[in-house]
Amino acid sequence: MTRFGQRQLEYFIAVAEAGSFRQAAEVVHVSQPSLSTQVAAMERALDAPLFHRLARGVSLTRVGRVLLKEARTAVAANDRAYRMAKLAADGENGELKFATITSIASGLVPRTLEHWRAKQPGIHIGMTEFRNPVALEQSIRDGHFDFAIGPEPTDRFTHTQLLGSEEFVILLPRDDVLLAETQLPLQALADRRWVLLSADNGVYRVHQELFAREKLQVAGAAHTSQTDVAVNLAAAGLGPTVVPRNMVPQHLLPLTRSIEPPFLREIFAYSLDTLDSLAARFVRELSLVIDAERTTGDPRPIR
């Protein structure tokens, strides 16, 4: 039985993602004829076309769509096998490849890396962020990353570790009279028009649970898929919003107020496999940063 090689799969993925043999050849740094030859060999082996050849590019056939999902998984698994073996061979020199959600990527991860790089200068870090926990969890099930950092997963994983919690805060417009308060119940903002996150952002779920908890029917002044956009729109006066404290830039922190009662979301590390010593050390460093950010009070975690 003919089996596809790693390079063939990488070429196929490149064409599928670029939508063009010419552009794909530029991405993988080979000549277009060489790339076309490899893809043609795959099609002969399957006795089926992988692409519809169009005047302005290519599109996947039904067979191509099936192969694309499996090819990505196979390439990621092969890459991970190499990196894990290299990590074992090199000891302290290696690579960590993890995924997380946007709020953690923009707030907690940079602070962790500051400490980590000082202690582990020979370790290369590869990070990918996802807007919502559903996509994050799927990426780990597909084997694309060593581990994930995010809300508690819905599936069972070999390694699932609670690291701490991130606090969600209300961010108010600069001239808001409620900035005179130190903590705010959401009911104090019941008549406001809010800056809300759209459903493809993980904070959307937080908004839904918060408003349901307080039995609020809120109106939206704006909807955005980007949490940083929500922060800037709220600060500019469009309306209040709720975001993780660690996503708020330092100069806008004076515009934030804790929710009464406090609202926290638990953060977990999880993986298909037991964490190796290097990943475990990074996760422990992240846990220390989360502890430093932790607020006091009577939190009600979102799970």
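In this predicted model, helix H1 (residues 6–18) packs against helix H2 (residues 21–28) at an angle of about 125°, and their axes lie 8 Å apart. The pair is therefore classed as oblique. The crossing of H1 past H2 is right-handed. On the H1 side, the contact involves Glu 10, Tyr 11, Ala 14, Val 15 and Ala 18; on the H2 side, Phe 21, Gln 23, Ala 24 and Val 28 take part. By class, this contact comprises 7 nonpolar, 1 polar and 1 charged residues.

The strand pairing comes next. Strand E1 (residues 51–54) and strand E2 (residues 57–60) are paired in the antiparallel sense, with 4 bridges between them. A hairpin of 2 residues connects E1 to E2, and Leu 54 faces Gly 57 of E2.

The elements named in these two pairings are listed below.

| Pair | Element and residues | Partner and residues | Value |
|---|---|---|---|
| Helices | H1, residues 6–18 | H2, residues 21–28 | angle of about 125°, axes 8 Å apart |
| Strands | E1, residues 51–54 | E2, residues 57–60 | antiparallel, 4 bridges |

A further site concerns a proline in a loop. Pro 153 lies between strand E5 (147–150) and strand E6 (159–171). Its relative accessible area is 10%, so Pro 153 counts as buried, the cut-off being under 20%. When neighbours within four places in sequence are set aside, the contacts of Pro 153 are Glu 137, Thr 160, Phe 268 and Tyr 270. Pro 133 is 20 residues from Pro 153 along the chain, and the C-alpha atoms of these two prolines are 7.7 Å apart.

Terms used. Residues are numbered from 1 along each chain as its sequence is written. This is a predicted model: local features need pLDDT of at least 70, side-chain atom pairs count only at pLDDT 80 or more; totals for chains, interfaces and linings use all residues. Side-chain values use heavy atoms; hydrogens and water are left out. Two strands pair if DSSP finds at least two bridges between them. Axes are lines fitted to C-alpha atoms, for helices over the stretch in contact, and angles run from 0 to 180 degrees between N-to-C directions. Angles under 35 degrees count as roughly parallel, over 145 as roughly antiparallel, 65 to 115 as roughly perpendicular and the rest as oblique. A crossing is left-handed if the near helix is turned anticlockwise from the far one by less than a right angle, and right-handed if clockwise. Contact means heavy atoms within 4.5 Å. Ala, Val, Leu, Ile, Met, Phe, Trp, Tyr, Cys and Pro count as nonpolar, Asp, Glu, Lys and Arg as charged, and the others, Gly among them, as polar. Buried means under 20% relative accessible area, exposed over 50%, partly exposed in between (1.4 Å probe, protein chains only).
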